Amino acid sequence: MGSDVEEIAREEQDVPTYAASIPVPNVQEMVKGDPSHIPERYVRNQEDMPKTTYMKSLSSKIPVIDLSLLSNGHEEELKKLDQALKEWGFFQVVNHGVSERVLQEQKLDWSDALILVTFPSKFRRLKFWPSTPKDLKEIIETYSTEVRRVAEELLGSISFIMGMEKNTLLTVHKEMIQALRINYYPHCPKPDEVLGISPHSDASTITILLQEDDLNGLQISHGGEWVPVEPISNALVVNVGDVSEIWSNGKYKSIEHTAVTNENKARISCIISLPTMSKLDHWIIW
Ligand SMILES: O=C(O)CCC(=O)C(=O)O
Ligand SMILES: [Fe+2]
């Protein structure tokens with residue numbers, strides 16, 4: 001296995017990434033430490049600085065687009081959008097229907113998450129995988145390989161009941177990507193006031209979740225109610241993701257779910273998601 005790991009690490013340059021980044025200090029912390037000092041690495045040459053002249057008249061010309069008019073096919077507004085795209089490449093959107101509460105007070109989840117891509121193995125970025133506990137890499141390797149087999153069998157059966165060849169869904173995945181997400185929900189003194197994870201549906205084809213035997217947390221929306229998924233010892237919880245809802249023309253539903261926290265005990269859930277990768281190498285995971 002050692003040589004496999006090295007091979008995988010060598011191939012890391014193929015891993016799609018949002019943007020290259022170098023390790024940098026946390027600026028907020030830096031300012032907290034010494035608000036008056038600007039390290040040399042941050043100080044620009046004067047000629048590189050944008051010559052900003054505050055032109056109120058020009059600023060007020062940056063287009064403002066009314067989304068509600070666009071949605072109604074308002075001709076003038078569509079023209080305005082066309083102009084904005086051609087002349088400015090920037091615009092502000094108003095009447096977008098996102099409530100002020102959501103914009104200003106988006107609540108955070110009472111949980112931490114570790115997300116790793118496990119398959120194909122060339123996408124593994126091993127340097128970000130935790131080094132403790134000691135056997136974690138091997139455990140992840142074994143678990144994700146086993147779950148991959150379960151996922152392949154499930155996709156085979158789902159293809160079959162959709163009236164297709166057994167390997168159809170597997171084939172449309174092309175290179176089957178698998179991502180692992182480990183959620184840690186600390187115990188919470190006021191579990192009624194927080195959510196472990198906000199209600200959402202998964203963007204995957206299917207998601208396979210392992211939860212602890214003796215602790216409820218996962219709740220799913222069914223018939224207008226939130227229904228706890230009582231753990232069955234050694235069972236894996238599987239849910240339909242958005243991709244399957246689309247592939248089945250809405251016959252199979254990607255159901256909203258959430259996780260609640262517990263006053264006395266922390267909970268861990270381990271999720272394997274099968275996302276798809278479009279031609280654009282754009283990842284849809286969670
Ligand atoms: O922890 C759970 O039970 C749910 C987690 C979940 O839905 C997710 O990570 O997408
Ligand atoms: Fe989920």
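Which residue in E10 is the bridge partner of Ile197? In this predicted model, whose residues are numbered from 1 along each chain as its sequence is written and whose chains are lettered from A, with ligands numbered from 1, in the order in which they are written, local features need pLDDT of at least 70, side-chain atom pairs count only at pLDDT 80 or more, and totals for chains, interfaces and linings use all residues. Side-chain values use heavy atoms, with hydrogens and water left out.

The partner of Ile197 is Ala259 in E10. Strand E10 (residues 257-259) runs antiparallel to E5, and the two are joined over two bridges; helices (H or I, at least four residues) and strands (E, at least two) are DSSP runs numbered from the N terminus, and strands pair if DSSP finds at least two bridges between them. Both strands belong to an open, antiparallel sheet of four strands, ordered E5-E10-E7-E8. Strand E5 (197-200) and strand E8 (225-228) form its edges; each has a single partner strand, so one side of each lacks a neighbour in the sheet. On average, neighbouring strands here are turned by 25° against each other, direction ignored (axes are lines fitted to C-alpha atoms, for helices over the stretch in contact, and angles run from 0 to 180 degrees between N-to-C directions).

Now to the sheet of five strands, which is open, with antiparallel pairing and the order E3-E4-E11-E6-E9. At its edges lie strand E3 (112-119) and strand E9 (237-240), each pairing on one side only. Strand E6 (residues 206-211) pairs with E9 in the antiparallel sense over four bridges, and Leu209 has Val237 in E9 as its bridge partner. Helix H7 (residues 136-161) packs on this sheet, touching E3, E4, E6, E9 and E11 (contact means heavy atoms within 4.5 Å), and its direction makes about 135° with that of E6.
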